[in-house]
Amino acid sequence: MKAKVALAVLVVMVTACSSLAADWPQLRGPNRDGKSADTGLLKEWPNGGPPLAWKIDKLGGGYSAPSIAAGRIFGMSNRGDEEVVWALSEKDGSEIWVAPLGPAFAQRASQGREGPACTPTVDGEHLYVEGLAGNVACLQIRDGKIVWQRSLTEDFGGSVPMWSYRESPLVDGDKVIVTPGGADAILVALNKVTGETIWKGQVPADSGGNSGGRRGGRGRGGGGSGAAYASPIAIDVEGQRQYVQLISNTLAGFAASDGKFLWQYDTPANRMGINCSAPVFDNGLVFASSAYGAGGGLVKLRKDSDGGVKAEEVYATTDMQNHHGGMILVDGYLYGANGGNEGGALVCLDFQTGKVMWDQRQSAGRRAKGSLALADGRLYYRMEDGTMLLIEPSPEQYLERGRFEQPDRSSAPAWPYPVIANGKLYLRDQDVLLCYDVKAK
């Protein structure tokens, strides 16, 4: 009997761990690379797309893609004159709690003013968010109670970008990493339990450019560095932990231990300072990109004889001008939309060389720009008009395995990333959240 009980307990534990392994606890998935851990999903969609499991339509305005963890769905919205964080049931989308974060921020620019764009970062019993005005907060998962709050402007001298703060906080160990963009606090590390400042990192004014990179002159008002719209990532290079962030005028690396500035690479940052997509890292190589004519480039990071880090350019390219839909590396090939306000389409590059393997503009036209996620060997590509595509990654040719048109479309662009977790596909469109069943039967 004891053996049977023990076996039953083990089965329950394994089942729980399997479920948690397929959660989506932060921006762009478990590892911030756009990849879901989910398996056993549909390899092709039927005509009309996968079945709709449920839909809710009272979220409030915003571009926050959801995070999924511990049976709950988390996101942000503007509701009336408040900016709020909410938690829903993963089972049916019913609301569990809603927590006011502060007054809704009145953004000057018209695009994206409907509400926040931060995807909450879930870590243990807490989640971490950032509002449009730079209000960073830690909340309890169980009830939404605010544990602590910090202001990127008042506490760190940051200046709200034209399209507001739109990053999603990075939690790494005992630290929360955010980007105020202040003169002496481009990047900061906060204690995730208390919110106290651990360190402040800055890019030295005389740091110069890089091998093959462009120097200075970009950012807010054409001068120095500040916050842009991308979210930081954590990487390990030759035994050193780093945080890499695409700010308004450069791509920069900082030591995780103390925030020391390590390196920069200017090429991926456009002269408008509108840099939105997170960098991509693999085996000592970092690729970053933006639109507005800039394109991107790949650098190899190496420790030098003085203990510093050198970023050596491998190549620069204008064939991947990724606006804000993100890029994903699959089996040595980089997938992402190439194009800005003028439009764009999905392209595939050889990650090591920058060679264009194929470009969908040749068949889909330039109005096919979108955002990406990867799950169980398939790319989920959400176009700005709301069309949802399932694509088999292949450097040889574009292979589409299904598509459908999102119902109940708002008039706003479909910018929130698609999210895949525990057999479900989630699509946020302002007030609406759609949940599709993509589990193979």
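What follows is a set of worked exercises on this structure, which is a predicted model.

**Exercise 1. Classify the ring pair of Y335 and W358, and work out which parts of the chain the pair ties together.**

Solution. Start with the geometry: a pair of aromatic rings is described by the distance of the centres and the angle of the planes. The structure holds 13 aromatic pairs. For Y335 and W358, the centres are 6.1 Å apart and the planes make 55 degrees. Stacked needs under 30 degrees and edge-to-face needs over 60, so the Y335 and W358 pair is tilted.

Y335 sits in strand 23 (residues 333–338) and W358 in strand 25 (residues 356–359), so the pair ties together parts that are 23 residues apart in sequence.

Last, check burial, where the cut-off is under 20% relative accessible area. Y335 comes in at 2% and W358 at 9%, so Y335 is buried and W358 is too.

**Exercise 2. Describe the surroundings of strand 28 (residues 387–392).**

Solution. Take one side, then the other. Strand 27 (residues 378–383) runs antiparallel to strand 28, and four bridges join them. Here Y381 stands opposite L389. Three residues lie between the strands of this hairpin, in which G386 takes a positive phi near 105 degrees.

Now for strand 29 (residues 399–405): it is also antiparallel to strand 28, with six bridges between the two. L389 has R403 as its bridge partner in strand 29. The hairpin from strand 28 to strand 29 goes through six residues.

Finally, count burial. Five of the six residues of strand 28 are buried, so the strand is largely enclosed by the rest of the structure.

**Exercise 3. Two residues other than glycine, R32 and Q430, have a positive phi. Where do they lie, and are they buried or exposed?**

Solution. First, the background: most residues other than glycine have a negative phi. R32 has phi near 60 degrees, and Q430 about 55 degrees.

Then locate them. The loop between helix 1 (2–21) and strand 1 (52–56) holds R32. Q430 belongs to the loop between strand 31 (424–429) and strand 32 (432–437).

For accessibility, R32 is at 6% and Q430 at 9%. R32 is therefore buried, and Q430 is buried as well.

**Exercise 4. Find the residues that touch the most other members of the largest nonpolar core, and the element that gives the most to it.**

Solution. The core has 33 residues, and W45, I73, Y380, L425, Y426 and L433 touch the most other members. Strand 32 gives the most, with five residues. A second, separate core of 19 residues includes I235, V237, V286 and L301.

Now look at the rings: W45 and Y380 turn up again in a cluster that ring pairs link with F404 and Y436.

Definitions and conventions:
Residues numbered from 1 in each chain as written. Predicted model: local features only at pLDDT ≥ 70, side-chain atom pairs only at ≥ 80, totals over all residues. Heavy atoms only, no water. Phe/Tyr/Trp six-rings, centres within 6.5 Å; stacked < 30°, edge-to-face > 60°. Buried < 20%, exposed > 50% of the residue type's maximum accessible area, 1.4 Å probe, protein only. Pairing = 2+ DSSP bridges. Core = buried A, V, L, I, M, F, W, Y, C linked by side-chain atoms within 4.5 Å.
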